[in-house]
Amino acid sequence: MDRDPGSQRPTTHHGLLTELPDDYLASIEDYHRLAYAIVGEARRVATGRFGLRSLAQGFGTPVFEVAMGRAGEMECQVWIGGDVLFATEGGVQRSMHITTLNAAAEFVGVSPGTEAREHDSPELGDTDRWLRVSPEVGEHLVAWYRLGAEALKQLTALPGATDADEVQLWPGHFDIATAIDDADSGKRATYGLSPGDAAHPYPYAYVGPWGEVDGADPFWNDAAFGGASLPYAEMLAAANPADAAFEFLFAGFDSISTGP
């Protein structure tokens with residue numbers, strides 16, 4: 001990976017890695033495991049819900065309440081920043097450098113879970129294996145989800161966007177996404193950003209229509225899921241990657257609203 005000779009840190013563009021390491025997808029898979037089996041599981045055990053968020057300090061759960069018997073309830077939160085796992089309970093913050101799933105589970109107080117696992121989630125595997133995480137990839141993920149949250153917030157604020165789902169980072173899929181109806185056509189689609197997966201080894205933005213689209217429209221370019229995707233390289237080439245992501249998502253929204 002190219003390095004900034006002044007800081008010996010990977011070069012970034014708006015916090016995103018400008019060149020991804022060779023083991024990037026393997027690292028993403030381990031962050032994915034951590035997200036659904038530990039971070040999302042902490043919220044699920046307490047509340048029955050497992051959706052995560054882009055946060056000012058990283059990505060993880062919103063603040064949730066844990067029942068403490070006669071003592072009432074305690075506010076908790078679990079999140080990832082770089083290669084560090086954080087947890088707060090009742091206003092007290094703790095942290096640990098990420099090592100294994102079992103160590104993370106013990107730190108948070110859960111068993112490595114699979115409730116939030118989806119069809120495209122990696123298997124848990126050996127929960128004593130050291131996870132392939134790094135400050136660089138972890139910080140890249142924080143920036144990626146922050147970019148996604150910004151672009152999706154703009155999209156849900158469009159006058160014609162109705163019945164929008166809350167923007168969430170789904171631990172099972174490991175993408176940040178929402179689903180929106182078009183007020184005029186009534187057609188619905190999922191809009192999101194993924195850090196990469198088996199079919200797309202690099203990050204990408206996507207539009208996944210819930211119904212038929214005009215197959216002759218070159219916008220619908222992704223054969224892997226029948227929708228459209230914007231490659232990471234095109235976002236990085238823009239002056240502002242978040243603006244590029246929003247413009248792509250809006251193009252999808254517009255195509256769906258005017259399509260057949």
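Start with the contact between helix 3 and helix 5 in this predicted model. On helix 3, select Leu147, Glu150, Ala151, Leu152, Gln154 and Leu155. Now colour the selection by class. The contact has 11 nonpolar residues, one polar and one charged.

Helix 3 covers residues 135-156, and helix 5 covers residues 241-258. How do their axes cross? The angle is roughly 40 degrees, and the axes come within 9 Å. Angles under 35 degrees would count as roughly parallel. Helix 3 and helix 5 are therefore oblique to each other. Check the hand as well: helix 3 passes helix 5 in a right-handed crossing.

Move on to a second pair. Select residues 24-47 for helix 1 and residues 101-108 for helix 2. Their axes lie 10 Å apart, at an angle of about 15 degrees. Helix 1 and helix 2 are therefore roughly parallel to each other. Is their crossing left-handed or right-handed? The crossing of helix 1 and helix 2 is right-handed.

Now zoom in on the side chains. Which residues make this contact? Helix 1 brings Arg33, Leu34, Ile38 and Ala42. Helix 2 brings Leu101, Ala104, Ala105 and Val108. Colour by class again. Seven residues in the contact of helix 1 with helix 2 are nonpolar and one is charged, with no polar residues.

How values were computed: Residues are numbered from 1 along each chain as its sequence is written. This is a predicted model: local features need pLDDT of at least 70, side-chain atom pairs count only at pLDDT 80 or more; totals for chains, interfaces and linings use all residues. Side-chain values use heavy atoms; hydrogens and water are left out. Axes are lines fitted to C-alpha atoms, for helices over the stretch in contact, and angles run from 0 to 180 degrees between N-to-C directions. Helices (H or I, at least four residues) and strands (E, at least two) are DSSP runs, numbered from the N terminus. Angles under 35 degrees count as roughly parallel, over 145 as roughly antiparallel, 65 to 115 as roughly perpendicular and the rest as oblique. A crossing is left-handed if the near helix is turned anticlockwise from the far one by less than a right angle, and right-handed if clockwise. Contact means heavy atoms within 4.5 Å. Ala, Val, Leu, Ile, Met, Phe, Trp, Tyr, Cys and Pro count as nonpolar, Asp, Glu, Lys and Arg as charged, and the others, Gly among them, as polar.
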